[in-house]
Protein chains: 2
Amino acid sequence: MTETGVRAADRLAAERAMLDRTSTAERVAWVLRQRITEGVYEPGERLSEGPIVDDLDVSRNTVREAFRLLSHERLLVHELNRGVFVRRLTAADVTDLYRLRRLVECAAVRQAAGSSPDGLAALREAVHAAERAAAEGRWEDVGTANMGFHRAVVALAGSERLDQMMRQTLAELRLVFLAMRNPRAFHEPYLARNREILGRLTEGDAEGAARLLEGYLAEAERQLVEAHS
Amino acid sequence: MTETGVRAADRLAAERAMLDRTSTAERVAWVLRQRITEGVYEPGERLSEGPIVDDLDVSRNTVREAFRLLSHERLLVHELNRGVFVRRLTAADVTDLYRLRRLVECAAVRQAAGSSPDGLAALREAVHAAERAAAEGRWEDVGTANMGFHRAVVALAGSERLDQMMRQTLAELRLVFLAMRNPRAFHEPYLARNREILGRLTEGDAEGAARLLEGYLAEAERQLVEAHS
DNA sequence: TATTGTCAAATCGTTCAACGATCCTTATGT
DNA sequence: ACATAAGGATCGTTGAACGATTTGACAATA
C-alpha cells in the first residue's frame, strides 16, 4: 500500500463516482478532466471533437455535452464556432484566484474557533499525507495533498456550496501548478507552513492561523504570478 | 424613465449579452433561465425536452445542451434517465446558502477598509434603487435591488471569480425568495438595514458593518428557513 | 514586399430520425 | 394489499446531413 491517504481517498471517491450510474457524457467529461489535470492536454491546446469521438468511440453530441460540463468547470474555454481550448491561465487569473482564496480560506480559518474535531482531523490527515509523499520523493503527490489541506481548510466552514467552489478552484489551480517546472522546489516549503497552521488551529489560535495562511498565500501567489509572467 | 438604475443596468447587460454572437443553446438557456427566475416554472417542476423543443422550435440536442448549462448554474437538477427539474430548495439548502453568504459577504465587508470609491458608489446606488422601488410599491424590484446590494458587497473584494460565484448564489436565492408570499413584508425591513450597513462602511467602520450584516443575514435566514419548513 | 480578395477544406452548431435503455403508470394476478 | 408484467413516455445516445463559420493557402494588385 504505497498510496497516500488523501490520494487513496480521492481515487476511491472518483471510482465510486464512476461506479454510480453516470451518463456517457459525464464519463467522457471525467476522462477529459483527467487528461487536462494530468497535463496530457496543454494549457491553450484546442480540443477538437473529431479525434475525441474516434478515440473514445462515442458520438459527437456526447462529446459536446462533455465539453459543456468542463467549460463550466473552467477547465475548458468554449469559443463559438472555433471550438474549445484548455484554459490557459494568466498572471491576472492567478491574482484573482488568490484573492478568492485569501478571502475564503482565511475567513474559514478565522471562523474555525470551536471547529469540530472532524475538521481538524482532516487537516491533520492532509498534513501527514503530504509529509509521507515528501519522504518518498513523490512531489506531485505532495502538491495534491497540499491541495487536500486547503480543501479541508474551507471544509471547516461546513458549507457544501463552499466545498464545491473550492473543488473547482483547486481544479483550476492544478492547471496553474502545471507551469511550475520543479514540483519539489515549489511544494516543499509549504509542508512546514501547513504544519504550523495546523498547530495554531489545534491550540485554538484561529487568528494566528489566519495570519500564517495569509503569508502562505501571498508567497505562493508571488511565485505563481512570476511563473505566469 | 421608470426603471431603477440597477434594473436598467442589468437589462442592458443582458441585452448586450444577447447582441453578442451566441449559440442557440445559450439562447435557449437564457430563455429558460428567465422563465425559472420569474416563476413561470415552479420549483420542483420537471422540464421535459419535447414541449420545449416544440415551443422554441429548436432541436432536442440543443435543448439538452441548454439543460447542461442551467444544471451547472444550479437552477436545474439533472437526474439521469428521469429528466431535469427546477431546483427546489430545502431548509437545508437555505442554511447552506446563508453559511456561504455569511462567510463571503462578511469577509468582503471586513476587508473593505480602504475600499475604492467605486465600490461604495455601487452600494449607494443599489440602496437608492431599492428605496425608489419601495416608494413606488414595486416590491419585487426591491428584492432585485437588494440582491444588487449584496452583489456589490462581494464586489468590494475585487475578484471576478467571487463575483461570478455571487451571481450564481443570487440566482439560486431568487428561487428561495419565490417561496415568500408577501414580497413587501419580506423585503421592506432590509431597506433600512442596507442603509445602516452602507453608513458604517462610509464611515470606514468595516467591523461594525460586518456585525450588522451578520445580524441581517441571520434574520433573513431565519425567515427563509421557516418559509421552507 | 505588403495587402487584399477568393476559394477550398476543416470543423463547428444544429437538425433530424432512429434505436435502445430506463422509468413510471396501468393492468392483472395472487 | 402486494407483486409482477406490460405498455407508453421519454431520456440518452448514435449517426448522417446540412448550413455557418473560421482558417489557411494562393493569386492578384498596389
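Analyst: A helix axis here is a line fitted to C-alpha atoms over the stretch in contact, and the angle between two axes runs from 0 to 180 degrees between N-to-C directions. The model we are reading is predicted.

User: At what angle do the axes of helix α2 and helix α4 of chain A cross?

Analyst: In chain A, helix α2 (residues 24-37) and helix α4 (residues 60-72) cross at roughly 55°, and their axes come within 8 Å. Angles under 35 degrees count as roughly parallel and over 145 as roughly antiparallel, with 65 to 115 as roughly perpendicular and the rest as oblique. That makes α2(A) oblique to α4(A). The crossing of the two is right-handed.

User: Which residues of α2(A) and α4(A) make the contact?

Analyst: From α2(A) come T24(A), A25(A), E26(A), V28(A), A29(A), L32(A), R33(A) and I36(A). From α4(A) come T62(A), E65(A), A66(A), F67(A), L69(A) and L70(A). Sorted by type, the residues of this contact are nine nonpolar, two polar and three charged.

User: How do α6(A) and α9(A) run, roughly parallel or roughly antiparallel?

Analyst: Start again from the angle. The axes of helix α6 (residues 117-135) and helix α9 (residues 183-202) of chain A come within 10 Å and cross at roughly 160°. That makes α6(A) roughly antiparallel to α9(A). The crossing is left-handed.

User: Which residues of α6(A) and α9(A) meet?

Analyst: On the α6(A) side they are L120(A), L123(A), R124(A), V127(A), H128(A), A130(A), E131(A) and A134(A). On the α9(A) side they are L191(A), N194(A), R195(A), L198(A), L201(A) and T202(A). The contact divides into eight nonpolar, three polar and three charged residues.

User: Now the sheets. In what order do the three strands of chain A stand?

Analyst: The general idea first: strands of a sheet pair through backbone hydrogen bonds, either parallel or antiparallel. In chain A, the three strands form an open sheet in the order β1-β3-β2, and the pairing is antiparallel. Strands β1 (46-47) and β2 (76-79) of chain A each have a single partner strand, so each stands at an edge with one side left without a neighbour in the sheet.

User: How many bridges join β2(A) and β3 of chain A?

Analyst: β2(A) pairs with β3 (residues 83-86) of chain A over four bridges, in the antiparallel sense. V77(A) is opposite F85(A), and E79(A) has G83(A) as its bridge partner. The hairpin of β2(A) and β3(A) has three residues between the strands, and N81(A) takes a positive phi near 70° there.

User: Where are the edge strands in the sheet of chain B?

Analyst: Chain B has an open sheet of three strands in the order β1-β3-β2, with antiparallel pairing. Its edge strands are β1 (46-47) and β2, each of which pairs on one side only. Strand β2 (residues 76-79) and strand β3 (residues 83-86) of chain B pair over four bridges in the antiparallel sense. Here L76(B) has V86(B) as its bridge partner, and V77(B) stands opposite F85(B). In the hairpin of β2(B) and β3(B), N81(B) takes a positive phi near 70°, with three residues between the strands.

User: Which strands of chain B does helix α4 of chain B lie across?

Analyst: Helix α4 (residues 60-72) of chain B lies across β1, β2 and β3 of chain B, and it runs at about 115° to β2(B).

User: How many residues does each chain bring to the contact between chain A and chain B?

Analyst: Chain A gives 36 residues and chain B gives 36 residues. An interface can also be read by area. About 3200 Å² is buried between chain A and chain B, with carbon and sulfur atoms giving 52% of that. On the chain A side, R68(A), L103(A) and R161(A) lose the most area to chain B, together 27% of what that side buries.

User: At what angle do α4(A) and α4(B) cross?

Analyst: The axes of α4(A) and α4(B) cross at roughly 20° and come within 9 Å. The two helices are therefore roughly parallel to each other, and their crossing is right-handed. The contact is made by N61(A), R64(A), E65(A), R68(A), L69(A) and H72(A) with N61(B), R64(B), E65(B), R68(B), L69(B) and H72(B).

Methods: Residues numbered from 1 in each chain as written. Chains lettered and ligands numbered in written order. Predicted model: local features only at pLDDT ≥ 70, side-chain atom pairs only at ≥ 80, totals over all residues. Heavy atoms only, no water. Pairing = 2+ DSSP bridges. Left-handed = near helix turned anticlockwise from the far one by under 90°. Contact = heavy atoms within 4.5 Å. Nonpolar A, V, L, I, M, F, W, Y, C, P; charged D, E, K, R; others polar. Buried area = accessible area lost by both parts, 1.4 Å probe.
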